[in-house]
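Here is a short tour of a protein fold.

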Amino acid sequence: LEAMTGEGQPGSLSLHEGNLLQEGSYDAAFLGCAAVIHSGTAMPYGAANDPRQVYDGAVEGTANVLGSVRRGGSVRRFVYTSSFAAIAHPAPPGTCFSESDWASDHQDPEVWSPERIDEDGNVAYAMAKVDAERLVNRVAAEDGRFDSISVCPTVVLGPLLSPVHDLVFSWQWFLGRMLRGKPCQRRWEGLWNVVDVRDVGATHALILASEVCQNASRYQLSATDRSGELDVYALQAHLQKAFPEIEVGGAPEEMAAYLEKHGQIWDGPRGYCTRAREELGLETHAIFDTLRSTGQSMIELGVVEPALRS
């Protein structure tokens, strides 16, 4: 951020310290602000937070941020970074998800239950994102001085800005493993539905200036079209083309047994960022560019030592 201010970018920058779990932590930072982008939350990467901390960090943390927004009184638009985890629900293969879907739809009550938060990290994260989205929509409607818009990204890839972004068990971390010549170990039995991190950032910025958005609007940020929905073989082929000097890993050994049992790779999740493109004018990056820039940045930052071909 500091480097950007020296590159002739418009505007000014001030840095503030805050704590999501501390009420009033953002009061001073929000004074005079017209808009707030709330993209921070407790994540489980590398076992940094347990399921309960992930849930509480998202819901209670968002409530604290909203408290600072309301006390400041100047904010007119609140952009909440949710997740595709708040959209996807049990559905047949090939189902195309959209902004009208909620993760709480069609759920087994014994699975989608507050009692499961401490036991299941996936349930905790999805429930947190659903509950936080509904919280920001409700608070904004009750307050009346600002509206709340949600952004729901799927598999976010693209250039890393810092080694800190290579979080253990993140999507980019698993892509990095493939560049090390190791087999894919995340969603190899289904599709990587990819959105570029630069498109995620652009969408947040476009929302700030949009006259189309209304309170409770949400934008699913997923593949531009079917080219961005990749099974493990397509993912490996793209990476191999982008890095011909590297021995890129592919499907794990478990794939053979999976295909024998199910006959094919799970056709999902599917879904597209059509609404963001049509309503906000989002122009997306091509999937090959996204994958290549992800790998290049990881290698340049030294977080991946690629498996070079002999």
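In which sense do S2 and strand S4 pair, and over how many bridges? S2 and S4 (residues 147-153) pair in the parallel sense, over five bridges. In S4, Ser148 is the bridge partner of Phe78.

This is a predicted model, in which local features need pLDDT of at least 70 and side-chain atom pairs count only at pLDDT 80 or more, while totals for chains, interfaces and linings use all residues. Residues are numbered from 1 along each chain as its sequence is written, and side-chain values use heavy atoms, with hydrogens and water left out.

Some terms come up throughout. Helices (H or I, at least four residues) and strands (E, at least two) are DSSP runs, numbered from the N terminus. Two strands pair if DSSP finds at least two bridges between them. Strands of a sheet pair through backbone hydrogen bonds, either parallel or antiparallel.

**The parallel sheet**

Four strands form an open sheet in the order S1-S2-S4-S7, with parallel pairing. S1 and S7 are the edge strands, and each pairs on one side only. On average, neighbouring strands of this sheet are turned by 15° against each other, direction ignored. Angles between axes run from 0 to 180 degrees between N-to-C directions; the axes are lines fitted to C-alpha atoms, for helices over the stretch in contact.

Strand S2 (residues 77-81) is mostly covered, with five of its five residues buried. Buried means under 20% relative accessible area, exposed over 50%, and partly exposed in between (1.4 Å probe, protein chains only). In a regular strand the side chains alternate between the two faces of the sheet. Arg77, Val79 and Thr81 point one way from S2, and Phe78 and Tyr80 point the other way.

Strand S1 (residues 35-38) runs parallel to S2, and four bridges join them. Arg77 in S2 is the bridge partner of Ala35. From S1 the chain crosses through helix H3 (residues 51-72) to S2, and this β-α-β crossover is right-handed. Right-handed means that, with the strands pointing away from the viewer, the path from the first strand over the helix to the second runs clockwise.

Helix H4 (residues 121-143) lies across S2, S4 and S7. Contact here means heavy atoms within 4.5 Å.

| H3 | S2 | about 165° |

**The mixed sheet**

Three strands form an open sheet in the order S5-S6-S8, and the pairing is mixed. S5 (155-157) and S8 (229-230) stand at the edges with a single partner strand each, so one side of each has no neighbour in the sheet. S5 and strand S6 (residues 192-196) run parallel, joined by three bridges.

**Gln220**

Is Gln220 buried or exposed? Gln220 counts as buried because its relative accessibility is 0%. Gln220 lies in strand S7 (residues 218-221). Its side chain makes a polar contact of 3.1 Å with that of Ser222. A polar contact is a pair of N or O atoms within 3.5 Å; within protein, one must be able to donate a hydrogen and the other to accept it, and residues adjacent in sequence count only if both atoms are side-chain atoms. The Gln220 side chain also reaches the backbone oxygen of Tyr272 at 3.3 Å.
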